[in-house]
Amino acid sequence: MVDGHPAINVLGLDLGRMNTRATLYGLIEGNYGLQGYGVAPTRIDPSSGLWMGIEAAVGSLQEQVDRVLLKPGSKRSSRTDPLRLRMDQVVSVISAGPWRKTALFGLTRGGSLRAGKALLASMPLENVGTYGIGELVNGQEIVDELVHHHPEFLIISGGEDAGAEKPVLAWVETARLICLLLNETTRPVILYTGNPRVAETVKRRLEPITKLYVLPNLRPEHGQMDLVPTQTVLDWEIIQKWQGTLPGWVELSSPQYHAVSTTSFPMSRMVRFLSQLKANRKVSNQIQGVMSVNLGGDSTVITAGLDGHSGTMMQKRWECLKREGQEAIVHSVRQWTSAPITKEEVHRFISNRTLFDRFIPESPNSLALSQAYARIQLQFAIKGFKNHYAWFNMLSENETMISFEPIIASGAVMTQAPTPGQAMLTILDGIQPQGITTIILDKYHTLPLLGLIGQIEPLLPVHLLASSAFENLGTVIVPSSEKPPGEVILKVHVQAETGKNYSVDVLQGDLRRLVVPSGSQVVLDLEPEPNTFVGFGEPGKGGRLKVIGGAVGVVIDARGRPVRLAQDDAVRVAKLDQWKSILGG
Amino acid sequence: MISVEVLSRSKYSEITRVRRLSTPGNVLVSLGDTVHPSDVIAEASTPTQVQILDIARGLGVSPSQAASCMMRDLGEVVQQGDVIAQNEGNLPRLVRAPVGGKLLDWQNGSLTLVSGGQSELVKAGMIGEVSEIILNIGAVLRTQGCLIQGIWGNDRAGSGSLTLLDSNLETQLDEAELDTLEQGQMLAVGHCSKADCFPLLVEKDLTGLILCSLAPELIHAAVAQPFPIVLLQGFGQIPPDPLSVSLLCDCAGEEVSINACGRDKIAGDRPEVIIPLSDGDFEEEMESWMELEMGQWVQVSAGVALGQTGEVIAYSSEDTQFESGIKAPSTRIRLHNNEEITVPSENLVILSHSKLKD
């Protein structure tokens with residue numbers, strides 16, 4: 001029993017592009033916890049299907065928990081057999097499916113198109129065309145393009161509530177035309193998310209010819225975005241489409257199972273929930289959100305929440321290569337590689353990495369290269385996130401810095417890093433957070449599952465978040481100052497549990513690590529120089545922090561934002577190596 | 001047990017491939033037809049040229065009256081000049097179709113006429129026989145022969161008579177080596193690092209290029225070539241895989257097809273070379289995932305020994321610590337030069353149950 005009602009056992013399945021994870025949640029000494037975890041490669045080709053990966057992952061979990069989760073079946077079953085899973089509650093998140101082609105009709109670049117693009121970027125949707133009011137005159141070209149691309153979804157946005165009508169209706173006619181041109185079985189699902197005043201006309205023109213959803217306006221008022229209702233529908237629709245195409249998975253969404261979702265959607269729900277909790281416990285002068293980052297095998301997902309609102313950004317693994325070009329990425333990766341490596345070696349590494357999903361870096365150079373590329377992926381994703389969500393620019397309306405705490409990170413490049421310091425440094429260099437934050441490693445990629453399970457049992461995510469499933473890498477303090485390198489910008493007075501007290505002078509440009517044993521508490525008194533901001537509301541204002549030591553202790557990152565790297569190769573590599581050593585090697 | 005992906009390389013395989021449209025259309029082949037890579041299996045056409053005809057204005061009536069003047073139904077196909085609408089009033093007026101097309105939609109006295117179109121074509125991509133028709137969508141093609149799957153292709157298809165630059169594929173592709181190449185051949189080469197070779201290959205009407213390795217700076221040039229290119233081992237200079245060399249040597253002079261498509265995990269597509277053979281002890285194609293076993297011939301997909309191939313001589317599901325500090329299950333392989341290396345098992349793909357006998 002938990003809080004007076006029966007406890008549940010839940011099997012969570014995470015079907016990623018590279019790996020399938022099976023996680024068992026249940027009671028451990030009165031609290032919900034992670035009882036076991038199994039992982040196996042995901043197989044999504046026609047001959048073996050998803051079920052083989054699920055069976056292998058659950059089989060591995062079964063051995064760990066010494067419990068029968070799979071009923072005996074034929075050894076090399078390629079059929080999905082839902083009755084073989086001996087669980088009352090099974091929830092699944094999936095990112096293994098192909099991104100669905102989607103086109104967007106809207107009006108203004110800063111208004112409905114911006115909201116629409118943020119929507120498309122938040123889900124596994126491949127944007128095959130974005131058209132604004134200026135393109136209405138190019139009807140024939142748009143028809144040609146969209147018939148060629150055959151989008152599966154068409155989002156029509158535009159007109160705030162009580163706003164523009166005529167151009168929105170013009171898009172509706174274009175959508176109608178495209179649907180009539182296409183074969184009935186391949187017409188796009190249309191999501192109307194614009195001015196509700198013309199909703200009846202939209203229904204009359206589109207409902208007879210294709211599947212139509214009329215949803216709350218993506219942009220109900222100037223400066224506001226409301227994506228969640230449309231994301232909810234898209235989440236369901238994407239799952240339906242994947243059921244039709246992913247081999248060996250269709251039965252998993254039978255009524256026997258409680259919930260199925262795309263991976264990014266419940267992840268953003270969790271972050272929204274955590275950010276709301278944070279807003280409820282708000283300490284004055286500190287504006288803090290919550291962030292989650294996943295560097296997956298196929299895509300990078302960033303979700304950030306502030307005061308109960310959230311934004312999500314999904315980018316395919318090689319998106320930055322496609323957008324920035326091979327040469328620019330080769331240069332950037334080389335800059336961030338903590339090993340003396342030529343441009344040609346970087347080029348070769350990246351070219352070959354695009355050919356295979358699975359990769360374990362066995363040499364120091366290949367590890368350095370893969371960690372460097374992870375930084376570039378994160379930096380690119382953060383840049384994309386800022387484009388979609390203006391509030392993410394880490395400054396509030398009155399110029400108070402917004403920080404995100406905690407930052408919950410997952411992905412093999414971090415969870416399988418040889419040392420926690422390397423995982424921490426990848427996040428610090430990739431995201432370059434500000435203010436005060438805590439870096440948490442989601443070792444079992446459980447956050448999206450918790451977002452789903454929370455709908456069945458709200459206590460389960462709360463207990464899990466406080467458990468060892470989430471590893472505290474450490475608190476990070478990022479003092480921000482305009483002083484030149486080498487000058488003192490912050491004094492930190494440390495009171496350890498052992499009674500040993502000491503002080504540290506932090507210089508501009510420093511990366512410092514305070515060795516605080518994992519799990520032990522320290523009190524930090526931060527004494528910034530007059531124009532140094534450390535996250536207590538205004539420059540020069542210090543404060544007291546009670547922190548729990550993480551795997552890396554406590555980190556003070558005074559390298560400045562953005563982190564600048566030396567142009568000279570030897571100096572740069574030495575510095576990158578030094579930073580790695582400072583955080584434990 | 002450790003499962004890894006498979007890249008089939010086998011002399012005697014039963015090969016079945018599905019070719020399908022993304023939208024219903026017309027299947028252009030029949031059961032039993034022999035097809036070649038550039039043959040069109042199925043096509044789907046969608047009209048896209050749109051004209052809006054203001055019928056009401058053309059007839060001089062109101063939009064509501066115009067509907068009753070229509071002489072055709074929506075969905076009808078008309079020829080240029082056909083009467084679409086007519087008004088029998090004091091001054092009879094006609095509206096004729098300005099072009100041939102389909103009457104698609106009606107709104108407020110205006111008619112949408114569509115014509116022209118975009119076609120989606122699905123090509124065979126291989127030499128084979130049509131073994132099954134998928135109504136309105138495509139066909140299943142079958143053949144028996146040598147199958148060599150690759151890791152990268154430039155998204156073209158073709159066929160031709162196979163020739164090797166040298167019997168060990170150790171010679172790099174060079175302008176000087178191309179003098180002896182005949183017109184219209186399919187060429188197998190160990191390594192290419194010179195962009196200058198491509199125009200010469202085009203002049204020779206090359207029908208396809210099979211490479212063990214390719215310099216990464218030539219990727220853009222390779223994508224732009226009119227002939228299909230399949231890469232077997234990786235980007236950078238890599239010793240040729242003896243198994244692939246042996247298979248290609250055995251098939252020199254045979255008619256070869258290349259489908260240099262991109263990798264599609266859902267459909268199971270890989271860039272590949274297929275050489276139909278009539279005699280042999282044909283086996284079912286290997287599954288796309290298999291468990292690692294002793295004696296298998298494998299290719300390293302990442303890391304220091306990238307692209308190199310060898311025989312599995314030991315493997316362990318226990319973690320091995322590598323020089324990078326990462327721990328992972330490992331496999332020991334003996335390369336073709338008898339050097340033994342230990343690599344993470346995840347960095348392997350299986351090529352064959354065993355290497356070919358010397």
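User: What does buried mean for a residue in this predicted model?

Analyst: Buried means under 20% relative accessible area, exposed means over 50%, and partly exposed is in between. The model is predicted.

User: Why is B:Arg17 called buried?

Analyst: The relative accessibility of B:Arg17 is 11%. The cut-off is under 20%, so B:Arg17 counts as buried.

User: What makes B:Glu285 and B:Arg17 a salt bridge?

Analyst: The closest N and O atoms of the two residues are 2.9 Å apart, and the limit is within 4 Å. The pair links distant parts of chain B: B:Glu285 is in the loop between strands S22 and S23, B:Arg17 is in strand S2, and 268 residues separate them. At 22% relative accessibility, B:Glu285 counts as partly exposed.

User: How do you know that B:Asp241 and B:Arg9 are paired, and where do they lie?

Analyst: Their side chains meet in a salt bridge, at 3.3 Å from N to O, against a limit of 4 Å. B:Asp241 lies in the loop between strand S19 and helix H5 of chain B, and B:Arg9 lies in strand S2, so the pair ties together parts that are 232 residues apart in sequence. B:Asp241 has 0% relative accessibility and counts as buried; B:Arg9, at 1%, also counts as buried.

User: What accessibility classes do A:Glu165 and A:Arg197 fall into?

Analyst: A:Glu165 is at 32%, so it counts as partly exposed. A:Arg197 is at 59%, so it counts as exposed. These two residues form a salt bridge, with the closest N and O atoms 3.8 Å apart.

User: Why is helix H4 of chain A described as largely enclosed?

Analyst: Of its 16 residues, 12 are buried, so H4(A) is largely enclosed by the rest of the structure. Among the buried residues are A:Trp171, A:Arg176 and A:Cys179.

User: How do you know that chain B is more spread out than a compact globule?

Analyst: Chain B has five helices and 28 strands. Its radius of gyration is 28 Å, well over the 21 Å that the globule rule gives for 358 residues, so chain B is more spread out than a compact globule. Its C-alpha atoms fill a box of roughly 100 × 50 × 40 Å along the principal axes.

Definitions and conventions:
Residues numbered from 1 in each chain as written. Chains lettered and ligands numbered in written order. Predicted model: local features only at pLDDT ≥ 70, side-chain atom pairs only at ≥ 80, totals over all residues. Heavy atoms only, no water. Buried < 20%, exposed > 50% of the residue type's maximum accessible area, 1.4 Å probe, protein only. Helix = DSSP H or I, 4+ residues; strand = E, 2+ residues; numbered from the N terminus. Rg over C-alpha atoms; globule rule 2.2 N^0.38 Å.
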